[in-house]
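Let's take a walk through this fold together, from a single helix out to the whole chain. Have the sequence and the 3D view ready, and follow along as we go.

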Amino acid sequence: MTEQVNTVGIENKIVAIVRKLKARYPELGRYEMAFHLDRYKGEAYYDRVLETIEDAGGFRARFTDKSTIDIPIEALSDYQNPSFVDKWGEKIMATRRV
C-alpha cells in the first residue's frame with residue numbers, strides 16, 4: 001500500500017488567507033474566486049494554464065462585490081503563520097481595488 005501525501009492546494013491556502021484577513025478587515029466581501037498574476041507582466045489571468053508555479057507572481061482574489069486583493073506568492077507559503085495578518089495584512093490590503 002502506498003502512503004498518501006497530505007498536501008494543501010493553492011485554492012485552500014487562498015481561502016484560509018481570506019478568512020484570516022476578513023477577521024481583521026470586515027470590509028472584505030464574500031470570496032468568489034482567484035486568478036493567477038503573471039510574474040512577468042503583473043496581469044491577472046483565469047484562462048491561462050500555468051507551466052510552473054514560478055510563472056505566478058501571486059493570486060488576485062475576487063469577491064462577490066467585484067472588489068479584489070492581490071496575494072503575493074510568498075504569502076501562500078506563510079499562510080499558517082499565527083501572525084500572518086500582522087505580517088501580510090497591510091501589504092495585501094494596500095492592493096485592494098473596489
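A residue is called buried if its relative accessible area is under 20%, exposed if it is over 50%, and partly exposed in between, using a 1.4 Å probe and protein chains only. Helices (H or I, at least four residues) and strands (E, at least two) are DSSP runs, numbered from the N terminus. What you are looking at is a predicted model, in which local features need pLDDT of at least 70 and side-chain atom pairs count only at pLDDT 80 or more, while totals for chains, interfaces and linings use all residues. Residues are numbered from 1 along each chain as its sequence is written, and side-chain values use heavy atoms, with hydrogens and water left out.

Let's start with helix H3, which spans residues 84-93. Its buried residues are Phe84, Val85, Trp88, Gly89, Ile92 and Met93. Seen down the axis of H3, these fall within an arc of 125° (taken from the directions from the helix axis to the C-beta atoms), so they line one face of the helix. An α-helix has 3.6 residues a turn, so residues three or four places apart point the same way. Turn to the other side of H3 and you find Asp86, Lys87, Glu90 and Lys91, which are exposed. The cover over the buried residues of H3 includes H1, E4 and helix H2 (73-76), where contact means heavy atoms within 4.5 Å.

Now for the sheet. Four strands make an open, antiparallel sheet in the order E2-E1-E3-E4; two strands count as paired if DSSP finds at least two bridges between them. At the edges sit E2 (44-45) and E4 (68-72), each pairing on one side only. Strand E1 (residues 31-38) is joined to E2 by two antiparallel bridges, and Leu37 stands opposite Ala44 in E2.

Helix H1 (residues 10-24) lies across E1, E3 (56-63) and E4, running at about 115° to E1. That angle is taken between N-to-C directions, on a scale from 0 to 180 degrees, with axes as lines fitted to C-alpha atoms, for helices over the stretch in contact.

Finally, step back to the whole chain. Along the sequence, the pattern reads α-β-β-β-β-α-α. The radius of gyration, taken over C-alpha atoms, is 14 Å, close to the 13 Å that the globule rule (2.2 Å times the number of residues to the power 0.38) gives for 98 residues, so the chain is as compact as a globular protein of that length. Of those 98 residues, 38% count as buried.
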